[in-house]
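Colleague: Could you take me through this model and tell me what stands behind each label you use? I would like to see the criteria next to the values.

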Amino acid sequence: MIWTPIKYRRLFTVLLTAAPLYLFASCDTSIEPFKEADLYFSIWGYLDAGADSQFVRVSPLRRSISLGDQDIDATVMLEDVESGTKTILRDSVFVFGQKTVHNYWSDVLLEHEKIYRLSVANSAGDVSDAVVTLPKAFPDPDVTLQGGTGVPPEDTPLIIKISDVDRIAGIKVIYQLGTPSGGVPTEYYEVSYLDRVVVWPDVLAVVMIPYDEFFRNTFSELCPFVSDAWVVVASAGPDWPDLLNIDDETLARPDVVTNINNGVGFLGGVSSKVIHMPELADLLAGLQNLCSRCAAGEKIVACIF
């Protein structure tokens, strides 16, 4: 999925992807997908203490093949449990093909280690809600390219070190693809490294070779130009599930990973950091020609895996 860096801050995890949501708008068949119960809304998303806006996807639970309306009967409210301060989130409609989805948002700034309650109510008084604890603040990650004398550019490693974090919700690199002449960027490409995190003394770390990851393993035939890059890291709150140990089929079930009262879905708590890495873009832009030579079949050492 392609996002701009701004959108990415708001839609960081798989919790806002379309797949889980679409499961809940089940087809109208002879099999009843929901038991008669007090389940009113599907809620998917996260609250981010490191972001300037909060986005949460909300959908009424339906038992028909209906693809959804432009308007839904829902009032979404965010409450600071300690102070009692309440904020009503605004609706924004997104259309994916024939599918209409509602992402409720606010520019309210959230605080680390605080507890928030998000509630969704309809006009009949039916309410689905969740209580979320946000993680503590953490230092900016140490992100460096470790090239040097005697290290060919294509072998330059990127090292990401994360300290004072209890658990990680996500770690990704976003590449902006464009043209060397400074034209309009064509798209954004992102890669998750959550499953590559290792434990070093006092830090969590990811080590990878950008040329291998980007050109050799992903774009070996196309060799696109990289015009900019970012590293995004998000720590997780105490209630965050261990997503790496849950397979996709199980994760898609509404009754497995959920903390929604009188509803389905999951609302998590994270704190995100976005580190601008123009030097990473410069490195890969400088290696675009090497990728093209390898793609053309040149027999040089750098083209050998």
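Modeller: What follows is a set of questions about labels, each answered with a value and its criterion.

Modeller: This is a predicted model, where local features need pLDDT of at least 70, side-chain atom pairs count only at pLDDT 80 or more, and totals for chains, interfaces and linings use all residues. Residues are numbered from 1 along each chain as its sequence is written, and side-chain values use heavy atoms, with hydrogens and water left out.

Colleague: Thanks! How many helices and strands does the protein have, and what makes a run count as one?

Modeller: The protein has six helices and 16 strands. Both are DSSP runs numbered from the N terminus: a helix is H or I with at least four residues, a strand is E with at least two.

Colleague: What share of the residues is buried, and what does buried mean here?

Modeller: Of the 305 residues in the protein, 46% are buried. The word stands for under 20% relative accessible area, while exposed is over 50% and partly exposed lies in between (1.4 Å probe, protein chains only).

Colleague: Why is the disulfide of Cys-223 and Cys-291 called left-handed?

Modeller: The torsion about its S-S bond is about -80 degrees, and therefore the disulfide of Cys-223 and Cys-291 is left-handed. This pair links distant parts of the chain, 68 residues apart: Cys-223 lies in the loop between helix H3 (210-216) and strand S15 (225-236), and Cys-291 in helix H6 (residues 288-295). The link of Cys-294 and Cys-303 is also left-handed, with -90 degrees about the S-S bond.

Colleague: And Cys-303, why does that one count as buried?

Modeller: Cys-303 has 17% relative accessibility, which is under 20%, so Cys-303 counts as buried.

Colleague: What puts the buried residues of helix H5 on the same side?

Modeller: In H5 (residues 278-286), the buried residues are Leu-280, Ala-281, Leu-283 and Leu-284. They cover an arc of only 160 degrees around the axis, so they lie on the same side of H5; the arc is that of the directions from the helix axis to the C-beta atoms. Asp-282 and Gly-286 are exposed on the other side of H5. Among the elements that the buried residues of H5 pack against are H3, S15 and H6.

Colleague: What makes Lys-172 and Glu-190 a salt bridge?

Modeller: A salt bridge needs a side-chain nitrogen of Lys or Arg within 4 Å of a carboxyl oxygen of Asp or Glu. The closest N and O atoms of Lys-172 and Glu-190 are 2.9 Å apart, so the pair qualifies. The pair links distant parts of the chain, with Lys-172 in strand S11 and Glu-190 in strand S12 (residues 187-192), 18 residues apart. Lys-172 is buried because its relative accessible area is 17%, and Glu-190 is buried with 17% as well. The structure holds twelve salt bridges.

Colleague: How are Asp-212 and Arg-216 placed in helix H3?

Modeller: Asp-212 and Arg-216 are four residues apart in H3, so about one helical turn separates them. Their side chains meet in a salt bridge at 2.6 Å, N to O. Asp-212 is partly exposed because its relative accessible area is 21%, whereas Arg-216, with 14%, is buried.

Definitions and conventions:
A disulfide is a pair of cysteine sulfur atoms within 2.5 Å. Contact means heavy atoms within 4.5 Å.
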